[in-house]
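Reader: I would like to learn how to read a model of this kind feature by feature, with the general idea given before each case. Could we go through it together?

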Amino acid sequence: MRSLIAISYMLLFVISVHAQDLYKLFYNFEQGKVYRYQDLIKSKTTQEMMGQEIRVDTKAEIMHKIVVDSVLENGNFLLTISFDSIRAQINSKQMDTVLALKEIPAKRKKVEIDKCGNYINKGSIDKIVIGGQLADEILQNKIELHILNDKELKIGDKWETTVFDTVDIMGTLIVSKIKAKYKILKKENKFNRDCLKIEYKSESESEGNIKMQGEALYFESSTDVEGIFYYDLVASLIIYEEADITDNTSLATSGPRSMIIPITQKTSFTRKLVY
């Protein structure tokens, strides 16, 4: 009798495992198509320098554009990524202003990615026509793709990624190491689409030497991100994302005026596919 019960439990377990839906996650960009994503960003930045605290609140709306130039025989995509529009509202004791930046959207980046979102080649085809710290900061918000997993996965499964990325901050190339963990939470309807709801957490570290107003500074930064996104099972695209980001940066000067300037930025954002 006990053996029969044990066999029954084993059969139930096997049946339940096989009954679960399996998913392969990958991007399916269509050749010649244009995809647009809208970012809504709110951030609070605090900087301490010479005993004084400077706080800046920013709200921004950024429209990203992805043009699918071609789909290669191996399944890779050639994409041109750019900004459609940028509008930012900045509030601080020193300045309250609204910026509609028309020059930065001319900056385009041409990339080759595989179907999971890994970059094969990355480069720029336009030079930015304005400079300064604000331009550099905005360019760092250019859309980056999550790295998906095309192995058979089910609800509750996890995967991890590690990426080394190089960005240009105020004329200096900074190398960052980004580790991310993903977990499929559940199947859920979003915007009348069948989606997988996926949570993620990422940690990144970067450092280097930069120049600001002609002065050499040592730059060190760590960033933590916690968010969720919805992966459309029919379109094979991420259609919505939201995240909270905490960035801790320190700038160190040398020489007779040596000092350490800590900067903390807390950001919340949403990203929606609007076509």
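Author: Let us begin with the cysteines. A disulfide is a pair of cysteine sulfur atoms within 2.5 Å, and the structure holds 0 disulfides. This is a predicted model, in which local features need pLDDT of at least 70 and side-chain atom pairs count only at pLDDT 80 or more, while totals for chains, interfaces and linings use all residues. Residues are numbered from 1 along each chain as its sequence is written, and side-chain values use heavy atoms, with hydrogens and water left out.

Reader: Are cysteine 116 and cysteine 195 buried or exposed?

Author: Buried means under 20% relative accessible area, exposed means over 50%, and partly exposed lies in between, with a 1.4 Å probe and protein chains only. Cysteine 116 counts as buried because its relative accessibility is 10%, and cysteine 195 counts as buried because its value is 0%. Of the 275 residues of the chain, 37% count as buried.

Reader: How many helices and strands does the chain have, and what pattern do they follow along the sequence?

Author: Helices (H or I, at least four residues) and strands (E, at least two) are DSSP runs, numbered from the N terminus. The chain has 2 helices and 12 strands, and along the sequence they follow the pattern α-β-β-β-β-β-β-α-β-β-β-β-β-β.

Reader: Which strand does β12 pair with, and how many bridges join them?

Author: Two strands pair if DSSP finds at least two bridges between them. Strand β12 (residues 260–273) is joined by 11 bridges to strand β1 (residues 34–49), the two running antiparallel, and glutamine 38 stands opposite lysine 272 in β12. Strand β12 is also joined to β11 (residues 237–253), by 13 bridges and again in an antiparallel arrangement; here leucine 251 has isoleucine 261 in β12 as its bridge partner, and alanine 252 has isoleucine 260.

Reader: How many bridges join β10 to β11, and how many residues lie between them in the hairpin?

Author: Strands β10 and β11 run antiparallel and are joined by 16 bridges, with glutamate 220 standing opposite serine 250 in β11. They form a hairpin with 4 residues between them, and serine 236 in the turn has a positive phi of about 55 degrees.

Reader: Which residues line the largest cavity?

Author: Rolling a probe the size of a water molecule over the atoms shows where empty space is left. On a 1 Å grid over the protein atoms alone, a cavity is a set of points where a 1.4 Å probe fits but cannot get out, and a pocket is an open set with protein on both sides within 12 Å along at least five of seven lines; lining residues have an atom within 4 Å of a point. Grid points are joined across faces, edges and corners, and a volume is the space filled by probe spheres set on the points. By this rule there is 1 cavity of 30 Å³ or more; the largest cavity holds about 100 Å³ of space, and its lining includes Tyr27, Phe29, Tyr37, Glu144 and Arg271. Glutamate 144 is found in the loop between α2 (133–139) and β7, and glutamate 144 touches Arg271, among others.

Methods. Contact = heavy atoms within 4.5 Å. Lists of a residue's contacts leave out its neighbours within four places in sequence.
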